[in-house]
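Reader: I have just opened this structure and would like a friendly tour. Could you take me through it?

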Amino acid sequence: MRNLTRGAVTFALGFSVSQSELEERATTLAEIRDRGQLHCGVDEGLPGFATRGEDARWTGFEADLCRAYAAAFLGSERRVRFVPLTTSERFEALIDGRVDVLVRNTSWTFARDAEMPVTFAGIYYFDGQGFLVPADLGVSSVRELDGARICVQRDTTTALNLTDYAQTYAVTFTLVEVDTAEEGLTRYQAGECDAYTNDISSLAGLRLALEDQTAHVLLPEVISKEPLGPVVRSGDPGFAEAVRWVLFALIAAEEYGVTAENAAALAQESPNPEIRRLLGGEGAIGDAVDLDDEFALRAIASVGNYGELFARHLGRDSPLNLRRGLNAQWTQGGLMYAPPFR
C-alpha cells in the first residue's frame, strides 16, 4: 500500500480518508497478508469452472479467478489454497471465515444479498437454468415434463426456480434432491430421475462425462437468470472493493487488448492513459483499494484477461465450446462491462 505514511489519502474527487479508517476497512486483506495465502472457496468439481486433476492441481475458470486474486493481493498466483465446498456449506464456510472469498458458481439474488451477511462483488458469468434429458424421452419443452422426476441440487436457487416454474405453468415435478453436481449426474444416469436441471454451463460440462453425449439433449428453454459472482463477508467494504476491481481489471483488459503476454510492456508503452492507469504505469490507483498500483498487472499477467480465461476453460479452446452470448464484451453485444479506471 502506497502513501499511507501520510495522515490521509486524498482521492480524485477531493475527499480524503484517514489512515486509521483505511486500516479498519482492510481487516480481511491484513489477515490474508499475515497468513501469506488466500483461501478461496470453489466447487468440489465442475468441468470448466473448478476441477481437481489426478496431480491435485485445480483447473477451470473459477480456479484461475482465485489465482488472479492471489496474484493481486499477495504477488503470486501460487499463494492460494483451494477449499472445495458443497452448495449447502458454501455460505457457512464464508461467514465463519474458513474461506476469504467464495468463487463457486453462486447466483446473486435479492435474498442472499439483502438478508445474509455477505456481499456480492460483481458478476463474472451470466448463466441461466436449463434441463438435460435423454433424447429418447421425446420431449422438446420443459412443460412436457409434467409428472417427471427431476434431479436438482438442494439448497440452491435452482430448486426454488423449479418450484416457481411448476406453479406458473401448472405442472407437477417430483424433486430428487442431491448434494453435488456429480451425484445428480450419477442418479440421472442410473435412471433415478427423468431430467436433470442445473445452470446451462454446468450441464454442458457434466454432459462431457456421459458415455454417449448424443443420447442426451439440452432443452431450449432457459427458465431463470443466474448471475454468478464472487462473494465476500459483509462488514469489510474495502475488501469487497478490492475483489470487485480485480474482476473489473480482467474485464477491462480484454476490452483494451491487454493480455497475459503484453501486459507488462503496455504498462509503460501504451499510448492510452486508461491502459497505463489500469496497469499501474500512470497514477496511483492502488491506494483506494489497499493494494499497490500493479495489482491489476499481476492478475492479468498470471491468468490472462477475461476473454483468455473464457476461451481457455469455457469457450472455443475448451471441450465445452460455449458461445460467449451475454458474456461477450459490451462492445460485442454482451453484458461484460467494466467502469473506467480513473
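Reader: Thanks! To begin, how many disulfides does the count come to?

Author: Happy to start there. This is a predicted model, in which local features need pLDDT of at least 70 and side-chain atom pairs count only at pLDDT 80 or more, while totals for chains, interfaces and linings use all residues. Residues are numbered from 1 along each chain as its sequence is written, and side-chain values use heavy atoms, with hydrogens and water left out. Taking a disulfide as a pair of cysteine sulfur atoms within 2.5 Å, the count comes to two disulfides.

Reader: Which residue does the disulfide join to Cys 40?

Author: Cys 40 lies in strand β3 (residues 38–43); helices (H or I, at least four residues) and strands (E, at least two) are DSSP runs, numbered from the N terminus. The sulfur of Cys 40 is 2.0 Å from that of its partner. The partner sits in helix α3 (residues 61–74), so the pair ties together parts that are 26 residues apart in sequence. The residue joined to Cys 40 is Cys 66.

Reader: Is Cys 66 buried or exposed?

Author: Buried means under 20% relative accessible area, exposed over 50%, and partly exposed in between (1.4 Å probe, protein chains only). Cys 66 has a relative accessible area of 0%. By that value, Cys 66 is buried.

Reader: What is the torsion about the S-S bond of Cys 151 and Cys 193?

Author: These two cysteines form a disulfide, with sulfur atoms 2.1 Å apart. Cys 151 lies in strand β11 (residues 149–153) and Cys 193 in the loop between α7 (181–189) and β13 (195–199), so the pair ties together parts that are 42 residues apart in sequence. The disulfide of Cys 151 and Cys 193 is left-handed, because its torsion is about -100°.

Reader: How is the protein chain divided into domains?

Author: The bounds come from an automatic or database domain assignment. One part, 23–124 + 229–332, is domain 1. The other part, 128–225, is domain 2.

Reader: What area is buried between domain 1 and domain 2?

Author: The contact (heavy atoms within 4.5 Å) takes 16 residues from domain 1 and 15 residues from domain 2. Buried area is the accessible area (1.4 Å probe) that two parts lose on being put together, summed over both. Carbon and sulfur atoms give 54% of the area between these domains, and that area is about 1,200 Å².

Reader: Why is helix α8 described as largely enclosed by the rest of the structure?

Author: Helix α8 covers residues 200–207, and among its buried residues are Ser 201, Leu 203 and Leu 206. The cover over the buried residues includes β9 (125–127), β10 (129–134), α7, β13 and β14 (216–218). Helix α8 is largely enclosed because the buried ones number six of the eight residues.

Reader: Which residues is Asp 64 in contact with, leaving aside its neighbours within four places in sequence?

Author: Asp 64 lies in helix α3. With a relative accessible area of 8%, Asp 64 is buried. Apart from those neighbours, the contacts of Asp 64 are Val 303, Leu 309, Arg 312 and His 313.

Reader: And what separates the C-alpha atoms of Glu 44 and Thr 86?

Author: Glu 44 is found in the loop between β3 and β4 (51–52), and it is partly exposed at 37% relative accessible area. Leaving aside neighbours within four places in sequence, the residues in contact with Glu 44 include Trp 58 and Thr 86. Glu 44 and Thr 86 are 42 residues apart along the chain, and their C-alpha atoms are separated by 6.5 Å.
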